[in-house]
Amino acid sequence: MHFKHHILAALALALVCGSGYSAPSRTNDVRITTLALYDGGTLWGGQELFILTNGICFTRVIRPPKADQSGMQERRCKITLEASDLQALRELLDKHHFLTMTVKDRTGIPDETRTTIHVRLSSGKSRDVSKWTSDPHADFDPIYRHLLGLVERTQKTQPVYEGQSVYRWKPEGFE
């Protein structure tokens, strides 16, 4: 009789695991050591966001040159996020299961952009999730929109650098 219960339990577990269910992911309120958004690219322009453990947030908006310029141009800005901003970000990552999120991969089409979100927690957990910008995703998209809001908010401040784009620039202390 006990054997039947074990088999039924195993079948139920297999059904749950095979049904696309993913275990909830939690940051468990640990600090975000680094977070990055890579949106677009250096060929046609794009935007990047970097958040460090101390709440310093850098953004870069990269654009093609104007008629009187040569090479890609960038506008880099910096703000300090409040503890409440970082808490809201952790809650958003938890709500949308960032640490266990799966995104269907496919081959890109010419000139299509791919967005990547990178998160490293003080617990040592690290995760990169990428998605083609034109593919909707119920969990990725709210996080992406939130990060775009931070880019917009930061870009409204006085730039710390404006000029020729620095290839693969990252703030000091960013892994």
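Student: Is Glu48 buried or exposed?

Tutor: Glu48 is buried, at a relative accessible area of 13%. Buried means under 20% relative accessible area, exposed means over 50%, and partly exposed lies in between (1.4 Å probe, protein chains only).

Student: What should I know about the model first?

Tutor: This is a predicted model, where local features need pLDDT of at least 70, side-chain atom pairs count only at pLDDT 80 or more, and totals for chains, interfaces and linings use all residues. Residues are numbered from 1 along each chain as its sequence is written, and side-chain values use heavy atoms, with hydrogens and water left out.

Student: How do I read a salt bridge?

Tutor: Side chains of opposite charge can pair when their charged atoms come close. The cut-off here is a side-chain nitrogen of Lys or Arg within 4 Å of a carboxyl oxygen of Asp or Glu.

Student: How many salt bridges are found in the whole structure?

Tutor: The search finds 10. One of them joins Glu48 and Arg60, with N to O at 2.7 Å. This pair links distant parts of the chain, 12 residues apart: Glu48 sits in strand β2 (residues 45-52) and Arg60 in strand β3 (residues 56-63). Helices (H or I, at least four residues) and strands (E, at least two) are DSSP runs, numbered from the N terminus.

Student: Is Arg60 buried or exposed?

Tutor: Arg60 counts as buried, at 1% relative accessibility.

Student: Which residue forms a salt bridge with Lys131?

Tutor: Asp141 does, with the closest N and O atoms 3.2 Å apart. Lys131 belongs to strand β6 (residues 126-132) and Asp141 to helix α3 (residues 140-155), so this pair also links distant parts of the chain, 10 residues apart. Lys131 is buried at 4%. Asp141 is buried too, at 14%.

Student: Which residues do shared partners join into one network?

Tutor: Glu48, Arg60, Glu74 and Arg76.

Student: Which residue pairs with Arg114 in a salt bridge?

Tutor: Asp105, with the closest N and O atoms 3.4 Å apart. Arg114 is partly exposed, at 29%. Asp105 is exposed, at 55%.

Student: Now the backbone. What is the phi of His97?

Tutor: Phi of His97 is near 55°, a positive value in a residue other than glycine. His97 is in the loop between α2 (83-95) and β5 (114-121). His97 is partly exposed, at 28%.

Student: Where does Asp111 lie?

Tutor: Asp111 lies in the loop between α2 and β5. Its phi is positive, near 65°. Asp111 counts as exposed, at 65% relative accessibility.
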